[in-house]
Amino acid sequence: MSGCGGSSDGDSGDSASSSPVLTVGTESVPLPFDLPASAVLRASEKKVFAHYFSPYPISFDNAPSSQDNYATQFLSPSGESGIHQAYGGMLRDRPVPRSPISDPNWMNLDYRTEVRQAKSAGLDGFTVDLLDLDGPQWGRFLNLLSATEAVDPAFDLVLTPDGASDDIGRSPQRLADALAGVARRAPIYHLADGRLVVAPVAPEREGAQWWKTFVDVMKADHGIDVALVPTFVENFGQNVDDFAPFSYGLSRWGWWSPSTNSLEGMREIADDARSRGKAYTEAVTVQSYRPYAQSFWEAGGLANLMATWQGAIAEQADAVQMVTWNDYSENTQFAPSLGNDHVPLDISSYYLTWYKTGHQPMIVRNVLYLANRSQFVNAKPSRQTALAVAQPGDAPVDQVEVVGFLAGPGVVRIHVGARTYEYKADAGIRSFQVPLGTGPISAELLVDGKSIAEVASAHEVNAAPTTQDLTYYFSSSSRQ
């Protein structure tokens with residue numbers, strides 16, 4: 001899905017480096033490979049976007065992290081007057097905490113941070129979930145838009161109306177008028193031929209005729225040609241026939257278990273779209289655990305993330321949507337967070353480089369990634385009544401996974417409580433699974449008997465939890 005979203009291919013003066021590097025003391029700790037320059041990645045016709053969910057900004061109130069809205073309302077079971085008490089609180093994770101910012105424009109600065117984070121990982125832009133057209137979420141979208149203009153107008157923002165929103169679905173005319181008002185601002189994504197990309201999520205809620213009317217109104221009233229890319233949440237096959245005749249591309253929201261993201265299944269859907277002459281956008285996902293809906297999918301640690309990336313590469317998808325950047329209510333986030341560290345984003349940098357360039361990047365530095373839950377799947381929390389149930393896909397497992405991006409051969413040693421597991425490993429991407437247990441969880445890479453990379457989980461198993469938490473937490477040897 002090639003296109004253009006702005007007039008500049010570089011950063012303005014306040015943007016970050018194109019290579020995500022964490023500095024610890026005087027030592028720079030990079031990714032396991034050399035990330036190409038932003039200009040090199042953007043030269044590819046294949047695009048990578050992350051789905052941005054405006055209800056969860058870096059900060060709501062600019063308060064200290066121990067006292068802010070995340071800590072007191074969303075992460076606490078008693079928050080928001082106890083309305084989330086039954087399922088143990090609304091969230092299990094949050095954006096990386098920061099100190100209060102003295103600048104009154106702090107929220108715009110936070111949005112600039114997120115644009116830099118995504119850009120420095122190699123992403124082309126965000127598909128921005130639009131939940132209303134004149135309320136608080138629209139205001140956040142406009143703030144993100146202005147922040148993107150300040151950081152890099154060529155970082156693309158794809159207009160993504162949310163079909164599940166009652167406000168969005170009020171009328172095609174109202175939606176067209178709102179989107180036309182921002183369509184010509186620099187970061188808003190257009191194809192190379194000038195068509196405005198609109199990628200509604202869950203458009204099946206309004207139906208094909210509703211969206212055909214929207215496309216017609218955009219042309220008739222505003223002179224804007226729309227390239228519609230519907231992203232179906234339900235019944236992909238049943239909706240394609242209705243939407244394909246007036247759509248530029250097709251997409252799906254995705255699944256969260258490795259077995260439901262088989263290469264054969266992903267390729268079948270992509271081939272169906274191409275047989276209709278449509279571009280296809282593949283969904284890349286990490287995990288999904290939804291306390292409010294009492295549901296979760298077994299992601300197998302990092303297995304699901306790598307399976308979806310491998311599928312997108314193998315099927316040569318026209319574009320990728322990482323689902324999501326920051327929906328903490330469903331624990332699908334790729335954004336740097338307290339529980340994720342930078343792991344899903346760092347691993348995605350590797351695969352998106354492979355996807356965009358057509359060549360698997362050479363691993364030049366050793367990095368270990370660790371994935372584990374903080375409790376056993378069948379643990380019975382003492383103060384929670386509504387428990388999440390596994391959804392169709394892989395069977396739930398109690399395991400620790402270590403994924404090594406290894407520049408050369410070595411020995412991977414995994415410690416779970418008093419138990420130690422040891423494996424010989426060749427160079428390349430290697431995955432190891434061992435049983436989850438109580439006590440500290442860590443891993444190390446030994447070469448010639450010397451430990452050269454170490455990672456420890458900040459989330460030990462609680463054998464008697466008060467609240468259910470089925471999130472996979474991630475740690476990296478290069479980010480500790």
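Helices (H or I, at least four residues) and strands (E, at least two) are DSSP runs, counted from the N terminus. With those labels in hand, here are close-up views of a predicted model.

**View 1. Asn 378, in the loop between strands E16 and E17.** Strand E16 covers 367-372 and strand E17 covers 389-390, and Asn 378 sits in the loop that runs between them. The residue is exposed, because its relative accessible area is 63% and the cut-off for exposed is over 50%.

**View 2. Helix H5 against helix H6.** Two packed helices are described by the angle between their axes and the distance between the axes. Here the axes of H5 (residues 172-180) and H6 (residues 208-222) cross at roughly 50 degrees and come within 9 Å. That angle makes H5 oblique to H6, and the crossing is right-handed. From H5, the contact draws on Pro 172, Gln 173, Leu 175, Ala 176, Asp 177, Leu 179 and Ala 180. H6 answers with Trp 210, Trp 211, Thr 213, Phe 214, Val 217, Met 218, Asp 221 and His 222. Sorted by class, the residues of this contact are 10 nonpolar, 3 polar and 2 charged.

**View 3. Phe 214 and the largest nonpolar core.** In soluble globular proteins, nonpolar side chains tend to be buried together. The largest nonpolar core in this model has 98 residues, and Phe 214 is among those that touch the most other members, along with Leu 123, Phe 126, Leu 302, Trp 309 and Met 322. Setting aside neighbours within four places in sequence, Phe 214 is in contact with Pro 172, Leu 175, Ala 176, Leu 179, Val 198 and Val 226. A second, separate core has 19 residues, including Ile 414, Val 416, Phe 432 and Val 461.

**View 4. Helix H9 packed on helix H10.** The axes of H9 (residues 303-314) and H10 lie 10 Å apart, at an angle of about 15 degrees. That angle makes H9 roughly parallel to H10, and this crossing is right-handed. On the H9 side, look for Leu 305, Met 306, Trp 309, Gln 310, Ala 312 and Ile 313. They meet Pro 344, Ile 347, Ser 348, Tyr 351, Leu 352, Trp 354 and Tyr 355 of H10. The contact has 11 nonpolar and 2 polar residues, with no charged ones.

**View 5. A cis peptide bond between Val 323 and Thr 324.** Omega at this bond is about 5 degrees. Thr 324 belongs to the loop that links strand E15 (319-323) with helix H10 (343-357).

**View 6. Asn 62, with a positive phi.** Phi of this non-glycine residue is near 60 degrees. Asn 62 is found in the loop between strand E4 (47-53) and helix H2 (69-74). With a relative accessible area of 13%, Asn 62 is buried, because buried means under 20%.

**View 7. Asn 235, also with a positive phi.** Although Asn 235 is not a glycine, its phi is about 50 degrees. The loop that holds Asn 235 lies between strand E10 (231-232) and helix H7 (236-243). Its relative accessibility is 44%, so Asn 235 counts as partly exposed.

Notes
Residues numbered from 1 in each chain as written. Predicted model: local features only at pLDDT ≥ 70, side-chain atom pairs only at ≥ 80, totals over all residues. Heavy atoms only, no water. Axes fitted to C-alpha atoms, helices over the stretch in contact; angles between N-to-C directions. Parallel < 35°, antiparallel > 145°, perpendicular 65-115°, else oblique. Left-handed = near helix turned anticlockwise from the far one by under 90°. Contact = heavy atoms within 4.5 Å. Nonpolar A, V, L, I, M, F, W, Y, C, P; charged D, E, K, R; others polar. Core = buried A, V, L, I, M, F, W, Y, C linked by side-chain atoms within 4.5 Å. Buried < 20%, exposed > 50% of the residue type's maximum accessible area, 1.4 Å probe, protein only.
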